[in-house]
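Hello! Here is the structure I promised to pass on to you. Have a look at it first, and then read my notes below.

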Amino acid sequence: MSISNNDVQHVAKLARLNLTSEEEQTLTGQLNAILKYAEKLNELDTENIEPTTHVLHVSNVMREDETKESLSIEQVMRNAPEEEDGQFKVPAVME
């Protein structure tokens, strides 16, 4: 598999990047070098290797959902730059 200048131009257009022809040439070469390096993985004998989804064994990394005591409204409002009726007052984003 290889990347052409047209591929780079297409991706640049999608990303709304204005690339010079020199930049396109450079990126085409760099991307092809990356793909060539990645193709070395095909040389490895993976016949007896079990597919994995994670390098380390991970099992149920979720903790139990437990309620805990929280800050009071007064404590929280001490951090508010402006407060109104027990709520953070922020600048309007819509008129």
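Accessible areas here come from the Shrake-Rupley method with a 1.4 Å probe, and for residues only the protein chains shown count as cover. On that basis the protein exposes about 9,900 Å², with carbon and sulfur atoms supplying 52% of this area.

Please keep in mind that this is a predicted model, in which local features need pLDDT of at least 70 and side-chain atom pairs count only at pLDDT 80 or more, while totals for chains, interfaces and linings use all residues. Residues are numbered from 1 along each chain as its sequence is written, and side-chain values use heavy atoms, leaving out hydrogens and water.

Now to the overall picture. The protein has 3 helices and 2 strands, in the order α-α-α-β-β from the N terminus. Helices (H or I, at least four residues) and strands (E, at least two) are DSSP runs, numbered from the N terminus. The C-alpha trace spans about 65 × 45 × 20 Å along its principal axes. Of the 95 residues, 6% are buried (under 20% relative accessible area, 1.4 Å probe, protein chains only).

How do the helices H1 and H2 pack? Helix H1 (residues 5-14) and helix H2 (residues 21-38) pack at an angle of about 110°, with their axes 9 Å apart. Axes are lines fitted to C-alpha atoms, for helices over the stretch in contact, and angles run from 0 to 180 degrees between N-to-C directions. That makes H1 roughly perpendicular to H2 (the word covers 65 to 115 degrees).

Happy exploring!

Terms used: Angles under 35 degrees count as roughly parallel, over 145 as roughly antiparallel, 65 to 115 as roughly perpendicular and the rest as oblique. Buried means under 20% relative accessible area, exposed over 50%, partly exposed in between (1.4 Å probe, protein chains only).
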